[in-house]
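Me: I'm new to this structure and would like to learn how to read it. Could you walk me through it?

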Amino acid sequence: MRPRSLLLPAALLLLGGCFAASRVDRSFNAVTQEPATVSERAAALHRELLTADLHADSLLWNRPIEGPNDAGHVDLARMRAGNHALQAFTIVSKVPADINIDSTGDQGDLISVLAMAQGWPTPTWSSLVSRTLYQAGKLQAAADASDGKFVIIRTRADLAAFLDRRKAEPDLIAGFLGIEGAHALEGNLSNLDVFYDAGVRMVAPTHFFDNDIGGSAHGKKKGGLTPLGRAWVKRMDEKKMIIDLAHASAPVLDEVLRLTRRPIFISHTGVKGTCENNRNLSDDQLRAIARNGGVIGIAFFKLATCGEDVAAVVRAMRHTVDVVGVDHVALGSDFDGMVSTPFDAANFAMLTDALLAEGFTEDDVRKIMGGNVVRLLAALLP
């Protein structure tokens with residue numbers, strides 16, 4: 001999720017309820033390019049790919065995750081249409097009213113407004129834990145209703161079974177659950193066990209504001225880990241949960257990389273080498289993540305890439321590959337995160353085509369489009 005003027009949408013939600021929420025969804029989760037016909041080479045390669053994307057906020061919205069929908073970016077029908085195999089569905093539990101990339105405080109809570117407008121259960125209106133569990137439950141309900149055609153990945157055994165089944169069932173798709181900001185724990189590490197039991201396997205320490213775990217790259221203080229944050233890192237490692245440092249402050253990123261015994265994900269980011277702002281990572285940070293063995297998901301939206309087309313995404317990927325190598329680059333779309341992206345989940349072949357046109361080899365494309373994520377999930381999942 002990225003900042004944009006959110007005060008008007010918040011007012012619309014309060015006034016208009018679910019209808020207004022649908023209008024906000026359509027307006028903010030838009031597509032900037034018309035679907036394009038791809039080259040024969042790209043189409044043939046894309047049919048063979050196992051794609052994996054590290055970030056989508058689709059569970060925020062009331063449109064059915066099964067789809068097909070004519071709004072937003074991701075649903076199960078569009079995943080199948082785009083041969084998109086594996087999606088991280090990331091839970092957002094709080095967004096402050098003054099969200100911005102430079103100095104966001106923790107006052108206000110736009111997700112409470114969205115929850116009320118969309119008719120979510122009453123406990124979700126005030127409880128971050130309830131919001132997290134409600135969104136996790138939505139994904140589980142979609143899996144339960146899919147007749148086994150959509151599975152949730154919780155363990156490396158689940159992943160292996162999915163990969164094996166998909167060889168014979170190309171329409172089989174999967175998801176796994178993450179959390180964008182450990183403020184969802186409400187200061188209680190025992191809630192990490194609750195979220196784990198609900199299927200969550202990836203958690204970011206912070207989102208757009210500093211919290212009781214540590215500093216955000218966009219917070220007021222942008223400090224390091226707190227004592228609770230250091231205990232959180234240890235507990236994440238013990239439970240074999242994946243740490244996502246997409247919005248972490250520079251001190252938090254450095255300290256987590258020193259403390260953790262495991263590689264990390266950056267689920268969705270841009271790079272300063274092609275788009276200089278506080279949302280994006282420096283080359284030194286890219287190198288530190290690569291030394292850790294981590295994987296960097298390149299986001300698709302303008303604030304991350306300084307462009308609104310597929311070419312801007314590929315430029316960011318090319319820069320990252322040039323700095324740290326192709327084994328550390330992945331997809332981090334930020335689909336459905338109140339951002340506009342060049343394409344939706346049904347049109348991932350546009351990116352395959354653009355990567356080939358940039359001069360990436362077919363093996364490089366396989367790694368970027370999903371191979372690196374699958375490799376790391378196989379190593380990190382419990």
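**Reading salt bridges and a pocket**

Reply: Happy to! Keep in mind that this is a predicted model.

Me: Are arginine 63 and aspartate 336 buried or exposed?

Reply: Both arginine 63 and aspartate 336 are buried. Now try aspartate 237, which forms a salt bridge with arginine 262 at 3.9 Å between the closest N and O atoms. Buried means under 20% relative accessible area, so aspartate 237, at 5%, counts as buried, and arginine 262 does so at 13%.

Me: Which residue does arginine 287 meet in a salt bridge?

Reply: Arginine 287 meets aspartate 284, with 3.1 Å from N to O. The two are separated by about one helical turn, because they sit 3 residues apart in helix α10 (residues 283-291). Arginine 287 is partly exposed at 35% relative accessibility, while aspartate 284 is exposed at 56%.

Me: How many salt bridges are there?

Reply: The count comes to 22. Salt bridges also link Arg41, Glu48, Glu362, Asp363 and Arg366 in a network.

Me: And how do I read a pocket?

Reply: Rolling a probe the size of a water molecule over the atoms shows where empty space is left. Here, the largest pocket has a volume of about 170 Å³. Its lining has 14 residues, and the closest to the centre are Ala217, Ala248, Asn278, Asn280 and Gln285. By class, the lining has 5 nonpolar, 6 polar and 3 charged residues.

Conventions:
Residues numbered from 1 in each chain as written. Predicted model: local features only at pLDDT ≥ 70, side-chain atom pairs only at ≥ 80, totals over all residues. Heavy atoms only, no water. 1 Å grid on protein atoms, 1.4 Å probe; cavity = no way out; pocket = protein on both sides within 12 Å on 5 of 7 lines; lining within 4 Å. Points joined across faces, edges and corners; volume = space filled by probe spheres on them. Nonpolar A, V, L, I, M, F, W, Y, C, P; charged D, E, K, R; others polar. Salt bridge = Lys/Arg side-chain N within 4 Å of Asp/Glu carboxyl O. Buried < 20%, exposed > 50% of the residue type's maximum accessible area, 1.4 Å probe, protein only. Helix = DSSP H or I, 4+ residues; strand = E, 2+ residues; numbered from the N terminus.
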